[in-house]
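Please look through the sequence and the model below before reading on.

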Amino acid sequence: MCLSLSEKCLHVLLFSRLVDLSIYLIRFQWDMAKYPIKQSLRNIADIISKQIGQIDGDLKTKATAYNNLKGNLQNLEKKQTGSLLTRNLADLVKKDHFILDSEYLTTLLVIVPKIHCQEWMANYEKITDMIVPRSSTLITQDNDYCLYNVTLFKKVVEEFKLHAREKKFIVRDFVYNEEELTAGKNEITKLITDKKKQFGPLVRWLKVNFSEAFCALIHVKALRVFVESVLRYGLPVNFQAILIQPHKKSIKRLRECLNQLYGHLDGSSAGAQASGIDNVDIPGLGLGHAEYYPYVSYKINVDMIDSAKM
């Protein structure tokens, strides 16, 4: 395929297109409207190059926008799960867990390893001076850690953090603000909605432009067959192009039969001769040089699910 389509869209898209690809190849006719044959080969190649370049550029823009949106959503969702050391605490705490709007007091959230929970309850009031007695309660816990709150005077916060860290108690930076917490929840909802809105149009765009890109690729293949045949066998044009779809196990035998039939056309074992459009850079096509045979032969891959595994 001439474009590297993104994510799981690729598999959904290609699965629905495989039959269409084979039918298109069998019924292929040159698109006179898009690629007028009165134009030179160079002009036709330039037309295809610009078309594919536009698709490639649009794909990168759309994929970047979608992947950025998906990445932001995944980052926020990760913060809703996982260890208490890293997850977002907004969904775990309540207003009642905090002393708010106090000139002198503040409430901190502390992550305590489960094996040290008894030590915390027994000694948290002694970590520094000016800690409010019996102010710590267990808010929640996971497999490894417990989340506690503790209330103390603001002026000893930094001292408390230092001594708590020495005892393997980790103070999480958290400020309870209802407006910010609501905004955070709304942001996740908005990202989920935006992702759903973008996914449908992106898949439809991929379907349309996959077809466009594949059709352009087959026209390039047709150009290569024509040019290579003229270069090998000369003028006037007197050759027939055919399409063969062998079973994988029969490919070796097919090559042997073709060599027996057409080996007399060119006994040379030299590498493939350059065609008139080999130097045309068509983004994404990755044409390269084909293996050399005494007849002109180019491979067209329609088994794209296997070749595009992720």
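In which sense do β1 and strand β3 pair, and over how many bridges? β1 and β3 (residues 145–153) pair in the antiparallel sense over 9 bridges; two strands count as paired if DSSP finds at least two bridges between them. The structure is a predicted model, in which local features need pLDDT of at least 70 and side-chain atom pairs count only at pLDDT 80 or more, while totals for chains, interfaces and linings use all residues. Residues are numbered from 1 along each chain as its sequence is written, and side-chain values use heavy atoms, with hydrogens and water left out.

Strands of a sheet pair through backbone hydrogen bonds, either parallel or antiparallel. Two of the bridges to β3 can be located by residue: threonine 107 has threonine 151 as its bridge partner, and proline 113 has tyrosine 145. β1 also pairs with strand β4 (residues 170–172), again in the antiparallel sense, over 3 bridges. There, isoleucine 170 is the bridge partner of isoleucine 111.

These pairings belong to an open sheet of 4 strands in the order β2-β3-β1-β4, with antiparallel pairing. Its edge strands, β2 (137–141) and β4, each pair on one side only. On average, neighbouring strands of this sheet are turned by 35° against each other, direction ignored. Of the 9 residues of β1 (residues 105–113), 8 are buried, so this strand is largely enclosed by the rest of the structure. Buried means under 20% relative accessible area, exposed over 50%, and partly exposed in between (1.4 Å probe, protein chains only).

Across the protein, buried residues make up 36% of the 310 residues. The protein has 7 helices and 4 strands, which are DSSP runs numbered from the N terminus (helices: H or I, at least four residues; strands: E, at least two). From the N terminus on, the elements run α-α-β-α-β-β-α-β-α-α-α.

Now to the helices. Helix α2 (residues 41–78) and helix α5 (residues 178–233) pack with their axes 9 Å apart and at an angle of about 160°. Axes are lines fitted to C-alpha atoms, for helices over the stretch in contact, and angles run from 0 to 180 degrees between N-to-C directions. α2 and α5 are therefore roughly antiparallel to each other, the term for angles over 145 degrees. The residues of their contact (heavy atoms within 4.5 Å) divide into 23 nonpolar, 5 polar and 7 charged. Here Ala, Val, Leu, Ile, Met, Phe, Trp, Tyr, Cys and Pro count as nonpolar, Asp, Glu, Lys and Arg as charged, and the others, Gly among them, as polar.

Conventions: Angles under 35 degrees count as roughly parallel, over 145 as roughly antiparallel, 65 to 115 as roughly perpendicular and the rest as oblique.
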